[in-house]
Amino acid sequence: MKKKMMSLILLLAMTVTCLSGCGSSGGSDSKGDVDSLNIMVWDGTWSEEVFEDFEEETGIHVNVSFIDNTDTIISKLIEGSADYDLVDIESAYVKSFVDNELLTKLDTEKLTYQKDLIDSVGGAIGDEAMEYTTPDMAPGYTCVIYNKETCPIEIKSFKDLADPALEGEVAMVNSTISLYGMALEALGYSADSTSEEEIKEANDLLTDIKKNVKAFVGESAVSQLENGECSVAFCWDYSTLCNDTKDNWDKFEIADLDSPNEYFCQYWGIPSSSKKAEAATELINFMMKPEELAKDYEEYGGVPVLKEEVIEEYLPEGYYDNPSIKRYEELYNNSWKVAVNDDQINIMDTYYTELMGNQ
């Protein structure tokens, strides 16, 4: 979560409403009239080959914009006059998109892949029935990952990251909700707390941890871990590490903490301003075919969102030997997830600014 996120969402909602009033949105053109689709996806998750396959099969070209955080999605939608047909949304923001009427209802009968989703994937908070969004990948987890060969202490709690023995050894994502949610849970509070007293206490813990942080990262801590710059990272990169090389299977591990880890998932959503909902729905279903989805996993790794018996034949031999798959299954029942809200963001933003300003 980035600063001013809710303000951006509200601005986007007004932009879409304005466009709708001018007749620029609503409805769906005949699929046969569509020659291109504009989509936004997270960098490093979808194979270009899949989009090429879709164009070859349908004649529809896919214009892809890559993003690295949610505020980029909002900014692009606003700056681009909301001219996008499909966006990839973090689970924590689905409720905000739905509540602000930024998404159109999906034709779920045409999303045939949904029956084959793994058990740990369902609707996001705010769209539990998956009327407006549909999962596009398996759950991920923001965890404490450590190098078993070089980490100087045993990590049993998120609070252990403040141990002086870890000075200059820690890399951390700079996602507000991930940082404060994890700190709140470690202190025995709820990650969706709106208590300023509790959030201040979480900020105090993060301030202590910051003394050991060598690098805050916006997207990935893989380089800091693999090049030995840091022996510990609070990040979402375990599956990426395990996919990079089998050498990492024995080198890195997720710490077993006394509090749960952050659960997150990604969801497809069709902006309410799109006039190409039918073609966008066809693209979703195409990308989620097991033979196409497998191309993404072969290129980037990750836990398959489709059941093993459905997708395994399309994956490289031994794919399910990857330790991140079993580890993520174990984490499912010991995790927390939230939907961002105004009250929480306003408080967290104040402390986040203070936290990052204390150099």
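## Crossing of α6 and α14

In this predicted model, helices α6 and α14 cross in a right-handed manner. Helix α6 spans residues 196–210 and helix α14 spans residues 342–357; their axes come within 10 Å and cross at roughly 20°. Because angles under 35 degrees count as roughly parallel, α6 is roughly parallel to α14.

On the α6 side, the contact involves E196, I199, K200, N203, L206, T207 and K210. Their counterparts in α14 are I347, M348, Y351, E354, L355, M356 and G357.

## Packing of α2 against α10

Helix α2 (residues 48–58) packs on helix α10 (residues 277–287) at an angle of about 125°, and the two axes lie 10 Å apart. The two helices are therefore oblique to each other. The crossing of α2 with α10 is right-handed.

Helix α2 contributes V50, F51, D53, F54, E57 and T58 to the contact, while α10 contributes A279, E282, L283, F286 and M287. The residues of the contact between α2 and α10 divide into seven nonpolar, one polar and three charged.

V41 belongs to strand β1, which covers residues 36–42. With a relative accessible area of 0%, V41 is buried.

Neighbours within four places in sequence aside, V41 contacts W46, V64, S65, F66, I67, D88 and W268. For V41 and F66, the C-alpha to C-alpha distance is 5.2 Å, although 25 residues separate them in sequence.

Key: Residues numbered from 1 in each chain as written. Predicted model: local features only at pLDDT ≥ 70, side-chain atom pairs only at ≥ 80, totals over all residues. Heavy atoms only, no water. Axes fitted to C-alpha atoms, helices over the stretch in contact; angles between N-to-C directions. Helix = DSSP H or I, 4+ residues; strand = E, 2+ residues; numbered from the N terminus. Parallel < 35°, antiparallel > 145°, perpendicular 65-115°, else oblique. Left-handed = near helix turned anticlockwise from the far one by under 90°. Contact = heavy atoms within 4.5 Å. Buried < 20%, exposed > 50% of the residue type's maximum accessible area, 1.4 Å probe, protein only. Nonpolar A, V, L, I, M, F, W, Y, C, P; charged D, E, K, R; others polar.
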